[in-house]
Structures are given as structure tokens and as C-alpha cells.
Amino acid sequence: MPGVSDSGPSTSSTESATPSARKKVHFGSIHDAVRAGDVTQLSEIVRRGASINEVDTLHKFTPLHWAAHSGSLECLHWLLWHGADVSQVTARGWTAAHISAIRGQDACMQALIINGANLAAQDDRGCTPLHLAATHGHSFTLQIMLRSGVDPSMTDKREWKPVHYAAFHGRLGCLQLLVKWGCSVEDVDYNGNLPVHLAAMEGHLHCFKFLLSRMSSASQGLKAFNDNGENVMDLAQRFFKQNILQFIRGAEYEGNDPTDQETLAFPGHMAAFKGDLEMLKKLIEDGVININERDNNGSTLMHKAAGQGHIECLQWLIKMGADNNITNKAREKPSDVAKRFAHLAAVKLLEGLQKYDIDDENEINENDIRFFIRHGVEGSTDAKDDLGLSESDRTDARGLSKSCRASSSMNDCAERS
């Protein structure tokens, strides 16, 4: 059998060049052998008559449960190949797949799926392994299950889906992955709570921002009431989540209707929002707008382009000397807006992360936790001491830009603004 030798991992670890260390540890039960990852003693104990599905007295775990819990992959393979029951459950209704999801044991989960584990199995609360992986933030384990074809829209007894669990527990990586796989962020639970309500009541600002950005209407998301008549502002106030309150009071939402009067008053922002580089160039080069002009929410052209992931517009604005350190009323730089909307290529460009090679800005590497840190995911925008400008500097800069003629360099114009 591949991956399993007759000697097992315990042979090399229990023998030494010194005679005093050559004594082999003998485990009293099949469960102890599995927890230690000792395949040799596991097989010996089974040959002596122990049941391969024996339940321990304390936790009601079978050897397969313990293998999934401890990540003893060799033992798990041996148990599966010798007929261990993948459907057997603990007192809480957990299968070995549930345990793998809780512990984030990716390789064990893969082996269980190959051997017929039921990923739709529900525990005593109605949770599937998918719910539990989202709860504990194991995004790579979650991805393995999603790739197997499991339905990510299953609900538990409270009508919570995996997206609700990810939002409630602040698991942004899992939340992004679930949305990428088509999960809706506008489904309600049995109390009428949207995922954004749950993120607000727990104070998970990074998830709160992301959920609003993925809703069909961010303003409707802020106004939506649950069955208790509470919106996100009410929940944030009740649970003293000041970070959520501060964001709501000063936030800019990039998904505004582009036909409203406020948007039409800022044609450069509309061009940046749409990624219309030719129009953007014409407006700036003709002196109609200033390259660092702000709208009513304090956003610059770079904020708008970053929120939509328009790389060419961002590259041109940077080349022309646009200031990427200006913050909007929500205290976000353009790079923060790009993070909120998960435009990783824009984040890389704006933050100058040249040492990281991203082949696909939409791909999420859940196998490397440092990925989420270096791309500003998992809350890195939650507590930034951003640079601020005075109110006088926040005014419309068009008047100044009109004095900049085509004969003047665009960089000089930007500096004077």
C-alpha cells in the first residue's frame, strides 16, 4: 500500500543507538496507537482481535475519528483500506469528515472523500463538514470539499449556511471562497439575519466590508431589517461594535447607481469606475478635472479604479503622479478599497508587492496563511492610522486644475493641487 510501510513511523522514533532508548512503546488501546500515528502497532492490535470500529469510552470516537483529529494520515489510510466505517458518528453526530473539517486536516479530508465520506451528513445541530470548516476558518479544507461537488447552500437547524458561519466568526478567507463558488450573501436565517447582520453584531469589520461590496445594493444592505426590526446599525450599537459604527457613519460604497446626480457631477470618477481610460485621459489632459479630485465621499479617481480592479487606469494614474495615500471619508486609501473588493492584482500594484508572484488575481491560495496577510485580507484594514487631510484640502479641486494647461506637465499640475 502506498504511503504505509510495515515498520511504521514508530520504528525510527522509538529506536536509538543507545541501548537504554531501544525499548518500544506499547500502547494500551487501538485509539492510543492511532493518536500516536503508529501504524505497526495499530495493525498488531487489530490482529490481536480489537475492532477496527471500536468506540472509546470517553469521547465516543472510533479509531477513524482519532486519525482525522490528530492528522495521522498513515493510520487513516490503513483504517480505510481495512474497512473502517466512514459513516459512524460520535455522540454529537460527527463523522470523521466533521472532525477533519474542525481540525483543518486537509489530507485526511481528501482521503475520506475518496473513500466515500458523506459531506452532506449533519450533526446534532444540523451542521455539515462544510459549516464546520467555515466556522474554524480552514479555507483550504473548505476548498477541497467544494471541489468534490458538495452543495454549499445546505442549512443547519437555524437555517444558517456556511456563509453565515464564516461571517459570524470573521473568517474572511472562507467567506471570499464561498462567494467565489456562487454562494449568496443575501440569504437570511430563521431570524431574518443576513450574513452582514452577523458580521456587524460580532464586529468583524473586514467581513462586513466585503459582504456589503458583494450585495446587489450596499445601501439596501445597511437598511435591511431582521425579524426583530434591527438593521446593522442597531446591532452594532447593541453589541458595542464601535468599528462597525464608525465605518457605517463615514463609509463610501462603490456600488452606487452610476446614473444618480452625485455620480454625474463627477465624470472623471465615472470614467475611472467604468475603466474608461481614454475618457479619463481626455478629461485630465484637457484640464476638465484634477488628477486628485475628490467626490462627495472623499474618494479620488484612484479609489474608484481600485474598487473595480481597473489595472490599466491605475497604472496610468500612478504614472501621471496621482497620490495613492489620500484617504476617503471612510479613512481608506485606494489600496484599502482594492482589498475590500478582493482585487488582488490592484492591491499588489498599489502596495508595490513585487516579491510576490500572482498568476491569477482571482485565485485564493488557502494553503498559505501568509497569503491572506500580505494581501491585506483577514482584517489588515481594520485599524490603520491613515493619513488625513484638512477639510479645506477635501474640496473640489477643479478650479485649480483649470489653470493647468496642456503645455504644463501633468505632474506639476498634480503637485500644485
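Predicted model: local features only at pLDDT ≥ 70, side-chain atom pairs only at ≥ 80, totals over all residues.
## Thr-135, inside a helix

Let's start with Thr-135, which sits in helix H8, spanning residues 129-136. Its relative accessibility comes out at 10%, so Thr-135 counts as buried. Leaving aside residues up to four places away in sequence, Thr-135 touches Tyr-165, His-169 and Arg-171.

## Gly-298, in a loop

Next up is Gly-298, found in the loop that runs between helix H19 (277-285) and helix H20 (301-308). With a relative accessible area of 4%, Gly-298 is buried.

As for its contacts, Gly-298 touches His-303, Thr-327, Asn-328 and Lys-329, again not counting residues up to four places away in sequence. There's also a C-alpha distance to note: Gly-298 and Glu-332 are 34 residues apart along the chain, and their C-alpha atoms are separated by 9.6 Å.

Now for the backbone angles. Phe-240 has a phi near 55°, a positive value in a residue other than glycine. You'll find Phe-240 in the loop between helix H15 (232-238) and helix H16 (242-250). Is Phe-240 buried or exposed? Its relative accessibility is 68%, and because exposed means over 50%, Phe-240 counts as exposed.

Ala-342 also isn't glycine, and its phi is positive too, near 60°. Ala-342 belongs to the loop between helix H22 (334-340) and helix H23 (344-351). Here the relative accessible area is 17%, and since the cut-off for buried is under 20%, Ala-342 is buried.

Terms used:
Residues numbered from 1 in each chain as written. Heavy atoms only, no water. Helix = DSSP H or I, 4+ residues; strand = E, 2+ residues; numbered from the N terminus. Buried < 20%, exposed > 50% of the residue type's maximum accessible area, 1.4 Å probe, protein only. Contact = heavy atoms within 4.5 Å.
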